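Trainee: I have a model open and want to read one strand neighbourhood. Where do we start?
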Amino acid sequence: MDNKRVLAAVILSLAVLVLWNWLFPPVPPKQNSVNQTQIQNATPQETKKTEPSSSSAVVSDSPLVFNPARGQKITVETPLYKAVFNSQGGILEHFILKKYKQSIKPDAPNIDLITPEALPKGPLGIVWDKIPTWIKAEWSTSGNDVILSSGQTHTLTFVGRLGNLEFHRQLNFYADSYQIKETLQVLNLASSLVPGELSFIISSPSLSKEGDRYNPTRIAYFNEDGLYEESDKDDLKLGLKVDPPVKWGAITSNYFLLSLIPGDTDMTFKTKLEKNIYRLALSQKIQVAGNMQSQISCTYYLGPKDDKYLSKAPADLQAAVHYGWFDIIAKPLIKVLNFFYNYTGNYGLAIIILTIIIKILFWPLSQKSYQSMNQMKKLQPMMAKIREKYKDDRQKMNEELMRLYKTYKVNPAGGCLPMVIQIPVFFALYQALLGAIELRHAPFIYHLPFTDIVWLADLSAKDPFYITPLIMGATMFIQQKMTPAPGDPTQAKIMLFMPIIFTFLFMNFPSGLVIYWLVNNILSIAQQWWMLKKS
């Protein structure tokens, strides 16, 4: 009887449980879904916050998994470059520019902005409180080799742990840009506050040949006072520190740039040259409260000093292209050269067309100059008489000569005026030829005619056989002979040596500049000959 009662109680209980579950089914595990959504949504919001500056937030469950492993190479390849990273800290081992070679030789390797010599200085590494994290911290990564096509983007993530701190580095790549944008999260896993100094690092060996005084590697930075550059190695070995705000800092040559652009201008710029490695750091002191995280962003630019790409970079990075005192003239000249290049496909021809246009613009001025010289030639007999008459009284002689000039309305300096006015154009073109990436390795006449000997294959380099400087000197001599000799014998001797001095001076100048001066001389000879024939 008792057994029957127990059995009935069990059956009744099961029936109640089944009925209960049918009437009130169990609630699905919504709680876990909500947490995951919050984490996924949190990432873009936090990213927006970090655009202008660093920020802090409570440490949340991170989607990034820390799984330390030995450093491995990860390659990111775009149409513009091939970057090789080491997962141990996310430092950059190579950054090879696909469109730029080291020399004009057909088999020359491409430019690599990062070489093994720079690795001990941690290019693109993070330093925490003077501790190189790529050496002292454990790192894991999520990401594999990738090849990007035009328009594509990619993100590499490196996670490092140093004591109670965790560093989450997200590097964003863009196939059509030389920029790499980084968002760095510093997580404090402990309950107490952690103060420290965080530094973004760029390092590189010299970007130009040792002793190249026309193209020195130098440090540059840009702040509210403008652009500053330092190339003196002795000064750089002592180190350089600039207080904020600094818009950007860079290791640069005439043609290439490795730049650091902080997301927050409240960063200190430091640089030093050690063992022929240029090292640049942008540092900021931060405090990360217990179980909190802080975020900082920055942008790297590694590539050519090309307006096409620099103009799209933040913080006025375009200001890195600067042609010295005559920058205001040089930049329009480059634009004009590029315009003609689009039609001729040859920068040598573009320089010749530019020279002709400049000559046409200065034609009226040259015309007056030659007229002045012809008048001076006619006055030579009278000037000789005055010099002979007052040879013992120099002051009186000068007064009489000035009276003579005034009477016949002749300006003795008129012959030099066109050359003086062209000096700014000359120096602007000189700086442009030395510094414009468009003219680097730009050929004019690649081989000597009827030979296989390489000749004017690089307009930014000197003529290897000095042919154009010698021809330029000869044209200058012809022009000199067509010009009336000055009355002063000393001045006449100086003018006679001018073609020789200019020939030696131009021997090491960029061949593009020599072509400009040579064509200008030929046009001047033609104009002078026409003037003499007309008179």
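Mentor: Start with a term: strands are DSSP runs of E, at least two residues long, numbered from the N terminus. Also note that this is a predicted model.

Trainee: Which side chain makes a polar contact with the side chain of N172?
Mentor: Begin with what N172 touches beyond four places in sequence: H154, T155, Q179, I180 and K181. One of these also has a polar side-chain link to N172, at 2.7 Å. A polar contact needs N or O atoms within 3.5 Å, so this pair qualifies. The partner is T155.

Trainee: How many bridges pair β10 and β11?
Mentor: β10 spans residues 153-162. The hairpin of β10 and β11 has two residues between the strands, and G163 there has a positive phi near 65 degrees. The sense of the pairing is antiparallel. The bridge count is 10.

Trainee: Which residue of β10 is the bridge partner of S142?
Mentor: β8, residues 138-142, pairs with β10 in the antiparallel sense over five bridges. The residue you want also stands opposite Q170 in β11. The partner of S142 is T157.

Trainee: How many residues of β10 are buried?
Mentor: Buried means under 20% relative accessible area. Across the protein chain, 46% of the 535 residues are buried. β10 has 10 residues and is mostly covered. Its buried count is seven.

How values were computed
Residues numbered from 1 in each chain as written. Predicted model: local features only at pLDDT ≥ 70, side-chain atom pairs only at ≥ 80, totals over all residues. Heavy atoms only, no water. Polar contact = N/O pair within 3.5 Å; in protein donor to acceptor, adjacent residues only side chain to side chain. Contact = heavy atoms within 4.5 Å. Buried < 20%, exposed > 50% of the residue type's maximum accessible area, 1.4 Å probe, protein only. Helix = DSSP H or I, 4+ residues; strand = E, 2+ residues; numbered from the N terminus. Pairing = 2+ DSSP bridges.
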